[in-house]
Amino acid sequence: MSTGTAASGLPDARTATRTLMLWCPDWPITAAIREHSLDVHAALALVDRGEVFACSPTARQDGVRRGLRLREAQARCSGLTVLAYDPSLDTRSFEPVITAVETLMPGVQVLRPGLCAIQIKGPSRYYGGEENAASILFQTLAAIGLTDVRIGIADGPFAAEQAAKATEALEDPLAEPLCIIPPGGSPWFLSTFPLDVLEQPRLAVLLKRLGVRSLGNFAALSAADVRNRFGVEGALAHRQASGFDYSSVAARTPPPQLDATAHFEPPLVRIDQLAFAFRMTAERFVAGLRQAGLVCTAVKVALHTESGEVSERLWQHPRWFDADDVVDRVRWQLQGSNAADHGLTSGITHVQIVPDLVEDLGDHADGLWGTGPDESIHHGLARVQSMLGHGAVLTAVIAGGRLLADRRVYIPWGESPAAQDKTRPWPGQLPGPVPATVFAAPVPAVVVDLRGNPVGVDPRGLMSAAPAFFGVGRISQRWPVHSWAGPWPINERWWDPRGRMLNRFQLVDTSGSAWLLLLENHEWFSEASYD
Amino acid sequence: MNSLPDLQSRINQMQSSRLDSRRLPTVPALAKILPGGGLQSGGSYAVRNSTTLAMALLAGPSATGAWCSVVGLPEFSVEAAEGFGINLERLILVPDPGAQWLTVTAALVDVVSVVLTRAPVHLAPSDTARLRSRLRQRGTALITLGNWQQCDSTLSIAESAWEGLGAGTGHLQARRMKITATNPAGRLRHTYVGLAELQRGPWQASDDATTLFQPARKSS
């Protein structure tokens, strides 16, 4: 029978996939409310590129619509909460819903976040009828806090989706929002729908001009004529409108669980204890990835304490994480660079590691004779990092800035540098050769004139006297000035109260060594030395 | 009558570090005053008073693809280093090794080709000897700022003059230096170079120099 169906290419109504469509209206809004723990009845709008992407029912009552400009929406609804639309949040927060559904019935196809299709044939036999299966779904989803769920059951996904959306017209508010179209009833059910539900605006406009107003009218046209006139897309729309939507439900394969969590009872307070106890979990985590044929190049480590604090950080790796590396990252996150970094006040109850970036193992496999010197470099540096801490082994990039110390940016080994644009003009930048020694913190200095009075610069940029002697550092020795230039004013962030007003000087002593000095608030510092 | 340690140290000074040492690419201006005609892998060099000279020594290997490391120099200016042709992507900085200077330096000697460091004030002679043998074994060159016992050469700037700066006018433009290199036997060689000559190596003109140096030999 199935061979005959495949050969003719035109199956009859009996072979259409009986589909259950689960629809959560306004899913972006539901997801945002759950993520940000907002009030369910809050007037909320999600904004994408300056326009309203989705709005909550309360906001809709005030006249906020999709596609409205943000300012117009705020004018219509003064108490509007505005959040940026995050597509990944939709997908992420729909995942628990799918997992809950998959525990009841297999073969779930996610069409988009908030809408998924299930083949209902098996579950309806198991639960004793389509209505029972749907009611089980309602109960399960209510248990995870999802109450506004609509279900439509019909032949084929298209009709089922329309059935799910038609539940809004049900009169009884207490009944479950469920609409079941009996087998073979889809053409009749769809016939009164307008053409817009096909979501093909160009085709809809064309058909309206031809006097076709509803799906029923469209379905009444001959399939061959529609195909000749409107091509493949038109033919597909015609079959949907006729209730012969044979696209089957392509069930997803549930993704493998890659993250790992370790629970500690009682909570651990010592880092070495934690590192020891966490080792097994780290090994399991890496083995799980390896089994899935993946390696992880970025991992998110979340440390939860007894008092509910969470320390979360993303760690990157120049190659990929093995178990030792993961344990190291957890240790470094706890050690931190200072106490304020993690600020955890109680013992660690559980540690969660989530792979943030996974890549195919094949792309990262070692060559037959190793991958050359870079691999040994990495091992050596990882050793130093595990001795001194993550932030002690650095590479540097040159960034923009006026002061020389601002122009170098250190990046811990293994992290990717932030994109910097050093080509922009920096007024006040130093001309000529760059000094080889740039002090991390400016060193106090002394510059005096011939009479021994400190040299100063008045607000108009005029010097009190020419410098004659100078000294750098704590030593009391003074060198005579051979030649000098300045003051070169640097006005950093004048709009900011924390901005600085500096004067820069170049000085060369009689032995021929040159210094770069700064004058700020009548105090001299040495910024750099041309040694 | 000389004591035994004194004689031993004199013998050590006369011996070259190793016979079959490879030469690393070196700035031509410095190559002619260094013993053996350039920086030797496995050698150790001291630079007295100038980060500029140390950068010029580091530039040759780095520009031809070697990994370099700077240990214990928080004031090392990476911008100036880039001006010398040092590849910042292959430059590892450990600004503050703290009390673990020797362990960190030894770990880096294992993996990189040139290590630039400021030697700690007190280092036991046995530690120095162990580090030297590690250098020879791994073929890594060590450049130290400050004094270093039994180094192959000690470089310093004997004279320096700047151009471009007047009495309140102009800005620093060019520098002339007299560079001296002292070998362990006390023989002194000197050369006069400009800053621009130190910053200009043969590797910028042609890529032939890359064949001189094969970083793949490090992986054993």
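**View 1. Chain B at a glance.** In chain B, 53% of the 220 residues are buried (buried means under 20% relative accessible area, exposed over 50%, partly exposed in between; 1.4 Å probe, protein chains only). This is a predicted model, in which local features need pLDDT of at least 70 and side-chain atom pairs count only at pLDDT 80 or more, while totals for chains, interfaces and linings use all residues. Residues are numbered from 1 along each chain as its sequence is written, chains are lettered from A and ligands numbered from 1 in the order written, and side-chain values use heavy atoms, leaving out hydrogens and water.

**View 2. A:Asp26 and A:Arg60.** These two side chains meet in a salt bridge, 3.0 Å from N to O (a side-chain nitrogen of Lys or Arg within 4 Å of a carboxyl oxygen of Asp or Glu). A:Asp26 lies in the loop between β1 and α2 and A:Arg60 in helix α3, so the pair ties together parts 34 residues apart in sequence. A:Asp26 is partly exposed at 28% relative accessibility, and A:Arg60 is partly exposed at 34%.

**View 3. A:Lys208 and A:Asp196.** Here the closest N and O atoms of the salt bridge are 3.6 Å apart. A:Lys208 sits in helix α10 and A:Asp196 in the loop between α9 and α10, twelve residues away. With 47% relative accessibility, A:Asp196 counts as partly exposed.

**View 4. A:Asp272 and A:Arg270.** This salt bridge brings N and O to 2.7 Å. Both partners are partly exposed, A:Asp272 at 44% and A:Arg270 at 48%. Elsewhere, salt bridges with shared partners join A:Arg18, A:Glu130 and A:Asp155 into one network.

Notes
Helices (H or I, at least four residues) and strands (E, at least two) are DSSP runs, numbered from the N terminus.
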